[in-house]
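Work through the exercises below with the sequence and the model open beside you. Try each task before you read its solution.

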Amino acid sequence: ELTVSEIRMRVWRVGRRSDSQYLLILRDDWGSPLIMVIGPCEAVAIWSALRNDPVAERIRVPATHDLIETMLERLGGKLEKVVVDDLWNGVYYAKLHLAVNGERITIDGRPSDAVALALRVRAPLYVTEEVMAASREADSPPAAPDEEGAPPDEIEDL
C-alpha cells in the first residue's frame, strides 16, 4: 500500500567522488535528487544490479543481498517496496515492506542494502516527502547535481 507522502524514486547513479566517498544518487520523476554516502561494498552491489550483466553476475562474489533474495524466494516471500523514511543526524534509514504467507512485515534496514535488494528483485523504491524536505534542509548535505545532472564534485562511475 502506497501512502500519499511516498515519492517514487529510481537509482540515477552510483559512483565515487575524488575524496573516495561512495555516493548513491536517487532521483524522482521531476529530477529532484537524494544523495547518500554509502559503503564501497554496497556501491558495488548496487552497480552490479544496475548493470544486469550476465558476465558480471557470474564473477561477482555473493553478498548479503543475494542471501536475503534467496531466503525470500525459498520462503515464498516478496519484497513489495522499499521506503527511505527517516533522516536523523545525517543518516538515512529505510524500511523493507515484505509479504510472507499472506502477512505484511516491515523490517528496518540500511538504505544502501535495501536498494541493492530492491534492484535485484525489481521492487519499487520510495522516499517520504518528509525525508526529501529534510535532505534539502540538512546543514551540510552533499552537493546536488547541476541542471545537466553532473555533481559539482565530479563523480567517477564504478
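This is a predicted model: local features need pLDDT of at least 70, side-chain atom pairs count only at pLDDT 80 or more; totals for chains, interfaces and linings use all residues.

## Exercises on packing, charge and burial

Residues are numbered from 1 along each chain as its sequence is written, and side-chain values use heavy atoms, with hydrogens and water left out.

**Exercise 1.** Find the salt bridge partner of Arg104 and say which strands the pair ties together.

*Solution.* 
- Step 1: apply the rule that a salt bridge is a side-chain nitrogen of Lys or Arg within 4 Å of a carboxyl oxygen of Asp or Glu. Side chains of opposite charge can pair when their charged atoms come close.
- Step 2: Arg104 pairs with Glu80, and their closest N and O atoms are 3.5 Å apart.
- Step 3: Glu80 sits in strand S4 and Arg104 in strand S6 (residues 103-109), so the bridge ties together parts that are 24 residues apart in sequence. Strands (E, at least two residues) and helices (H or I, at least four) are DSSP runs, numbered from the N terminus.
- Step 4: Glu80 is partly exposed, at 25% relative accessible area.

**Exercise 2.** Is Lys81 buried or exposed? Which residue does Lys81 form a salt bridge with?

*Solution.* 
- Step 1: Lys81 has 7% relative accessibility, so it counts as buried.
- Step 2: the partner is Glu6, with the closest N and O atoms 2.9 Å apart.
- Step 3: Glu6 counts as buried too, at 12% relative accessibility.
- Step 4: the whole structure has 8 salt bridges.

**Exercise 3.** Describe how helix H1 packs against helix H4.

*Solution.* 
- Step 1: H1 covers residues 40-51 and H4 covers residues 111-121. Their axes are 9 Å apart, at an angle of about 20°. Axes are lines fitted to C-alpha atoms, for helices over the stretch in contact, and angles run from 0 to 180 degrees between N-to-C directions.
- Step 2: that angle makes H1 roughly parallel to H4 (under 35 degrees; over 145 is roughly antiparallel, 65 to 115 roughly perpendicular, the rest oblique).
- Step 3: list the contact residues, where contact means heavy atoms within 4.5 Å. H1 gives Glu42, Ala45, Ile46, Ala49 and Leu50. H4 gives Ser112, Asp113, Val115, Ala116, Leu119 and Arg120.

**Exercise 4.** Leaving aside neighbours within four places in sequence, what are His65 and Ser112 in contact with?

*Solution.* 
- Step 1: His65 lies in helix H3 (residues 64-74) and counts as buried, at 6% relative accessibility.
- Step 2: the contacts of His65 are Ala45, Asp113, Ala116, Leu117 and Arg120. The C-alpha atoms of His65 and Ala45 are separated by 8.0 Å.
- Step 3: Ser112 is in helix H4 and is buried, at 7% relative accessible area.
- Step 4: Ser112 is in contact with Ile38, Glu42 and Ile46.

Note on methods:
Buried means under 20% relative accessible area, exposed over 50%, partly exposed in between (1.4 Å probe, protein chains only).
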